Each structure stands twice: as C-alpha cells, then as structure tokens.
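Open the model in your viewer and keep the selection tool at hand. We will go stop by stop.

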Amino acid sequence: MITVLDGHIKVDIYDENLEFVHSENLVAGETIALFRGGHGIEVIEDSKFIESKQGPYLEDIDKIRF
C-alpha cells in the first residue's frame, strides 16, 4: 500500500508476469493498494509517501528487480 502525504508520484503497475498494466498518478491524500505483481515509483515532484508491505519482508528473497 502506498499513501502520498505530500507531493506527486507516478506508480507503474505490473502483473504477475512482470508485464506493464497501468500507470496511476497519486497526489497528497491519495492511497493505492497493490495485491499482486510488481510496481515502480517515479517521483514527479518533491514528495513524502509511506509504502507499507505485509511482512515479514526479506529483501534478498522477496524482492525482484526488473
């Protein structure tokens, strides 16, 4: 889940096969919940946001960079 506290970000959403699905622009006060697949974040303007994940989360095992 990503909640934007201040600023503007773009979230690119990917499916389970790491194929691009959609981009969503988020501004202060907006939240997006991500359940499957992957995502990328681009900061459009200076921003503060919280990204929370269901844990435990082990970066070496659970993270795939693509």
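Start at the hairpin. S1 and S2 form it, with five residues between them, and Leu 18 in the turn has a positive phi of about 65 degrees. Strands here are DSSP runs of E with at least two residues, helices are runs of H or I with at least four, and both are numbered from the N terminus. Two strands pair if DSSP finds at least two bridges between them.

This is a predicted model, in which local features need pLDDT of at least 70 and side-chain atom pairs count only at pLDDT 80 or more, while totals for chains, interfaces and linings use all residues. Residues are numbered from 1 along each chain as its sequence is written, and side-chain values use heavy atoms, with hydrogens and water left out.

**Stop 1: the turn.** Select Leu 18, in the loop between S1 and S2. Its phi is near 65 degrees, a positive value in a residue other than glycine. Most residues other than glycine have a negative phi. Buried means under 20% relative accessible area, exposed means over 50%, and partly exposed lies in between (1.4 Å probe, protein chains only).

**Stop 2: the whole chain.** Zoom out. The chain has one helix and four strands. From the N terminus on, the order is β-β-β-β-α. The C-alpha atoms fill a box of roughly 30 × 25 × 15 Å along the principal axes. Of the 66 residues, 17% count as buried.

Stop 3: Colour S1, residues 2-14. Tyr 14 has Phe 20 in S2 as its bridge partner. Asp 6 stands opposite Lys 48 in S4. Ile 2 has Ile 32 in S3 as its bridge partner.

**Stop 4: the core.** Select Ile 2, Val 4, Ile 9, Val 11, Ile 13, Leu 26 and Ile 32. These seven residues make up the largest nonpolar core. S1 gives the most to this core, with five residues. Such a core is a set of buried Ala, Val, Leu, Ile, Met, Phe, Trp, Tyr and Cys residues joined through side-chain atoms within 4.5 Å. In soluble globular proteins, nonpolar side chains tend to be buried together.

Focus on Ile 13. Ile 13 is buried, with a relative accessible area of 17%. Leaving aside neighbours within four places in sequence, its contacts (heavy atoms within 4.5 Å) include Phe 20, Ile 32 and Gly 38. Draw a distance to Ile 41, 28 residues along the chain: the C-alpha atoms are separated by 9.1 Å. Then move to Val 4, whose contacts beyond four places in sequence include Ile 9, Leu 26 and Phe 49.

**Stop 5: the pocket.** Select Gly 37, Gly 38, His 39, Lys 53 and Asp 62. Of the 22 residues lining the largest pocket, these lie nearest its centre. A pocket is an open set of points on a 1 Å grid over the protein atoms alone, where a 1.4 Å probe fits, with protein on both sides within 12 Å along at least five of seven lines; lining residues have an atom within 4 Å of a point. About 880 Å³ of space lies in this pocket, a volume being the space filled by probe spheres set on points joined across faces, edges and corners. Strand S4 (residues 38-51) supplies the largest share of the lining, five residues.
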